[in-house]
Every structure is written in C-alpha cells, then in structure tokens.
Amino acid sequence: MKNDDDMCFMWCHVRHLNPRARRATTITKKDREFKINLDYEGIDFPVKISDIDKIERKNSVNISVFGYKGKKQFYPIRISKATYDEHMELLLLGDGEGSRHYVLIKDVNRMLCSVSKHRHKQHFCLHCLHSCVSEEVLEKDKETCLEVNGTQAVILPEEGTKIKFKNHRNLMPVPFVIYADFESILVPEKRKEKSGNPEDESSTDLYQTHKACSFGLKTVCHYDDKYSGEYKSYVGSDAALVFLKTVVKESFRCREMTDKIFRKKMVITPEEEAEFLVTKNCQICGNDLCEDRVRDHDHVTGKYRGAAHNICNLKYRITWKVPVVFHNLRGYDSHLIMQEIGKFKMDVNVIPNNMEKYISFSL
C-alpha cells in the first residue's frame, strides 16, 4: 500500500477486506472510512510481530507473515495458529536500515509455488507449508496437520495390515565409504552496538564464531582394502571449501573404480546350474519365480548367488553413491559445510531434524 504513515499493516487489512482490481495500492477515501470496521485499539504502529495475536483476536482473522531474502527465497516469520474462517497473508520487507513495510499477499499459493519445482499449481497448508496438488488433498492434509491437532499427527494402519520390506537393494553394502572430521577454532566477533529499539534487540549475543581450520578424511573400500584411499588432511582458513572439493573429486574416483573393477562375469558350476532350474523362490525378494527367472551373481567376486526375478536382479546392483560419515554431523559439522555448500551449483537434498539441524544431506 502507498501510505506515508506507519499503518501499512492496517491498510493491508483494509485492502484484504475491500479488494480493488485497479489501483489496488492507492488508499482512497472509502478505505479511510472502511477502517472504522476494524478493531486496532491498543495497537501501536508500526505493528510488531508480537502484537499480531491481539489483532487476530480483535478481528477474528488468521494472519500469517512471510519474509523475503531475494532470488525468490521466501520464509515464514509467523504462521497463524488461530482457527478463524478468514485468513490474511502478509509479506514483511525491510531496507536493511531498520525500516519495515507490510505488503498484502493476494495469492499465497502462487507466491510459494514460484519457488518450488512444480510446474502446476500447488495448494499450500499455511500451518505446515506442505504443498498439495488439489484443494481436496489440502483439506485432507489439514485433518492430520501438526499445528491443527496440536500434537504429532498419528495415523494407525488398518487392522490386519502388514508391512513388507521392498528396497532389497539397500541390503547391499556400498563399495566405498568416506570417514571425515573437522577441527575448528573460535574467532572473536565484533559486538554490535545497541540500537535503542527493543524490537530490534536479539536475545542472542554473538561474540564468537566457529570457523573450520582443518579436516581429515579416509576413503575405505568395503570389498578390498587395497582399493581404499590414502588418508588426506588439510589445514587452512578455507578448510570447509577445500573439503567439499576433495570429497567431490574422491567420489568421482570411487565411481570410476566401481565401473572398472566391480564388473566381473559370472562363474557358475554345473551343480549351481541344476539348482537354478529347480529353484522356486527368488533369492532376493523371496516370492515365487514361476517362469520369470534369471541367474543372479556377485559382480565383485563373479560367484553365482541364486535364481531371481529379472526386475529384482536389475535393481540389486552396486550403487554409485559414496556416503560421507561424520561423528556429529547433525549437531556440528553440518553447520560448517552448509556455509560453503552454496558455492557449488548442485542440487542439495536435505533430511532435516529442524530448521538448523540436518540428519543428512546429499549432492
């Protein structure tokens, strides 16, 4: 809204309830008359995030606020936990000098969908920000949403349901594993001067920063130690960046070795051939073979393993993935890596524990 006062929050509320197709950002005489329908008594302007709860109760509306980091990076600042029928979404912008401005979001689904990889329209749950393909799926998601229920949503399986393991490929050991660890130092930080505005003050006092100063890693081959890599270490202020480059290079080396070395042809004896012809169950999944049967063998040793379904045999193969194992990735090392990982133009898949701790991530 084009306002010259600190009441941008309220004017967004007015426009939300009194929408206009043309010149929507202009505050008209009718808008100034309409604001008497809103209850902002006791609310100071500009509106603080902590005061939004009062505005929700006074006006019976759910209000969620999002922030913007640039390059279509939106993040939730405040997700409403109220359950009113009316809902309003706002975007909070800042100029870096303490000035902030609220902007009305006309279509939050369109805004959030712009940062996703989905090409089709998505419907987002404003309690958990989970995307759904349709409004029907969204309504079903709300029934089990964490914020709606107030506790962890639990869906029990139907009586008599059985869980069966299907990812048999995961039973096969990975050929190579990298074990690594970081060492860091504490770098003093210059403390910020107090601004005098209580709203801008943080409860956290930053006076030291952990900086990676060295790392060590060792590549271990599961099948034959002669293919294991040498221990590598590095000391320097750019240890985290050098570590990522080293790991990427090492992963390519492991992949080349997997393609060249672990490709032995099958060696089968007459006794094993006879056994193959009479075997009734797949040695991988355990189900009946019927007419769908092939000879499965170990590509590392070349030894015959048994009869298997064709699809099971194709899936049950050595992986190219190279796990990198840390002693305390979630609580410490991941923070050092994430500070540098953005310099690599690669997709990062994260399994988060929360917004700050990651159980694992892959490149």
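User: Which residue in β9 stands opposite S214?

Analyst: S214 stands opposite V235 in β9. The model is predicted, so local features need pLDDT of at least 70 and side-chain atom pairs count only at pLDDT 80 or more, while totals for chains, interfaces and linings use all residues. Residues are numbered from 1 along each chain as its sequence is written, and side-chain values use heavy atoms, with hydrogens and water left out.

User: Why is L363 called partly exposed?

Analyst: Its relative accessible area is 46%. Buried means under 20% and exposed over 50%, with partly exposed in between (1.4 Å probe, protein chains only), so this residue falls in the middle class. L363 lies in the segment after β14 (358-362).

User: Why does T269 count as partly exposed?

Analyst: T269 has 33% relative accessibility, and therefore counts as partly exposed. T269 is found in the loop between α7 and α8 (270-278). Its C-alpha atom is separated by 9.5 Å from that of K303, 34 residues apart along the chain.

User: What makes the largest nonpolar core a core, and which residues touch the most other members?

Analyst: A nonpolar core is a set of buried Ala, Val, Leu, Ile, Met, Phe, Trp, Tyr and Cys residues joined through side-chain atoms within 4.5 Å. The largest has 39 residues, and F182, F243 and I337 touch the most other members. At least two residues each come from β7 (176-188), β8 (208-221), α7 (239-261), β11 (304-308) and α10 (329-341). The largest share, 10 residues, is supplied by α7. Apart from this core lies another of 22 residues, including W11 and Y102.

User: With which residues is I337 in contact, leaving aside neighbours within four places in sequence?

Analyst: I337 is in contact (heavy atoms within 4.5 Å) with F182, F243, L244, F326, L329 and F361.

Terms used. Helix = DSSP H or I, 4+ residues; strand = E, 2+ residues; numbered from the N terminus. Pairing = 2+ DSSP bridges.
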